Amino acid sequence: MGWHRVKTDNQALDMQLLSAIRRGDPEAKEKLVTKYIPMVKHIVSSHYASFLDFEDLMQEGLIGLLSAIEEYRPECYEVKFSSFAYICIIRKIYNVIKHSNSNKHKALNSALSLHSFVNNDETRTVFDQVKGSTGPEDL
């Protein structure tokens with residue numbers, strides 16, 4: 001029973017802070033962000049990828065949290081703010097990871113084969129063009 005009361009109190013506190021934020025109270029926004037920083041850290045550390053900077057992912061997670069604060073409408077969503085914030089944070093982090101993974105292979109995806117033709121009107125290949133050129137070691 002005590003656990004349920006804590007959860008209800010948590011949502012009630014979030015609703016009070018969100019209401020104050022909607023009225024323009026900057027301290028309420030700071031309190032809500034501070035309250036959810038441990039959640040952001042948990043999500044980031046759970047999805048941390050070695051090719052991304054932890055602090056960069058934290059910033060992205062905080063952007064997700066801020067968008068949750070802006071977008072949360074209790075009258076439209078039958079979900080607690082904490083759950084809504086979790087979804088927004090994780091969505092933002094997944095998008096960053098997905099985007100960085102697609103950029104990782106960009107050079108391979110846009111590479112030009114040495115055996116491709118210089119243009120459609122010629123029979124010369126790219127390799128024919130570079131075959132006779134001097135390399136960096138000659139320069």
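**View 1. The buried residues of helix H3 in the predicted model.** In this predicted model, the buried residues of H3 are Leu57, Met58, Gly61, Gly64, Leu65, Ala68 and Ile69. Because they cover an arc of only 145° around the axis, these residues are placed on the same side of H3. The helix itself comprises 18 residues, 54-71, which at 1.5 Å a residue should span 26 Å, and the distance of 25 Å between its end C-alpha atoms agrees with that expectation.

View 2. In soluble globular proteins, nonpolar side chains tend to be buried together. Here the largest nonpolar core holds 27 residues, of which Leu32, Leu65, Ile69 and Phe81 touch the most other members. The elements that contribute two or more residues to this core are H1, H2, H3 and H4, and the largest share, 9 residues, is that of H4.

**View 3. The aromatic pairs around Phe81.** The structure holds 3 aromatic pairs. One of them joins Tyr36 and Phe81 in an edge-to-face arrangement, with 5.4 Å from centre to centre and 80° between the planes. Since Tyr36 lies in helix H2 (residues 26-46) and Phe81 in helix H4 (residues 81-104), this pair ties together parts that are 45 residues apart in sequence. Tyr36 counts as buried at 5% relative accessibility, and Phe81 likewise counts as buried, at 0%. Phe81 also forms an edge-to-face pair with Tyr72, for which the centres are 5.3 Å apart and the planes are at 80°; both Tyr72 and Phe81 are buried. Taken together, Tyr36, Tyr72, Phe81 and Phe84 form one aromatic cluster.

**View 4. Gln11 and the backbone of Phe81.** Gln11 lies in helix H1, which runs over residues 2-22. With a relative accessible area of 16%, Gln11 falls under the 20% limit and is therefore buried. A polar atom of the Gln11 side chain lies 3.0 Å from the backbone nitrogen of Phe81. Apart from neighbours within four places in sequence, Gln11 is in contact with Tyr72, Lys80, Phe81 and Ser82, and two of these residues, Tyr72 and Phe81, belong to the aromatic cluster.

View 5. Ser82 lies in helix H4 and is buried, with a relative accessible area of 17%. Not counting residues up to four places away in sequence, Ser82 touches Gln11, Asp14, Tyr36 and Met39. Of these, Gln11 is a residue of H1, while Tyr36 is a residue of H2.

**View 6. The whole protein as context for the close-ups.** The protein has 6 helices and 0 strands, and from the N terminus on its elements run α-α-α-α-α-α. Buried residues make up 27% of its 139 residues. Among contacts between residues at least 6 apart in sequence, 53% join residues at least 24 apart.

Terms used
Residues numbered from 1 in each chain as written. Predicted model: local features only at pLDDT ≥ 70, side-chain atom pairs only at ≥ 80, totals over all residues. Heavy atoms only, no water. Helix = DSSP H or I, 4+ residues; strand = E, 2+ residues; numbered from the N terminus. Expected span 1.5 Å × (residues − 1). Buried < 20%, exposed > 50% of the residue type's maximum accessible area, 1.4 Å probe, protein only. Arc of directions from axis to C-beta. Polar contact = N/O pair within 3.5 Å; in protein donor to acceptor, adjacent residues only side chain to side chain. Contact = heavy atoms within 4.5 Å. Phe/Tyr/Trp six-rings, centres within 6.5 Å; stacked < 30°, edge-to-face > 60°. Core = buried A, V, L, I, M, F, W, Y, C linked by side-chain atoms within 4.5 Å.
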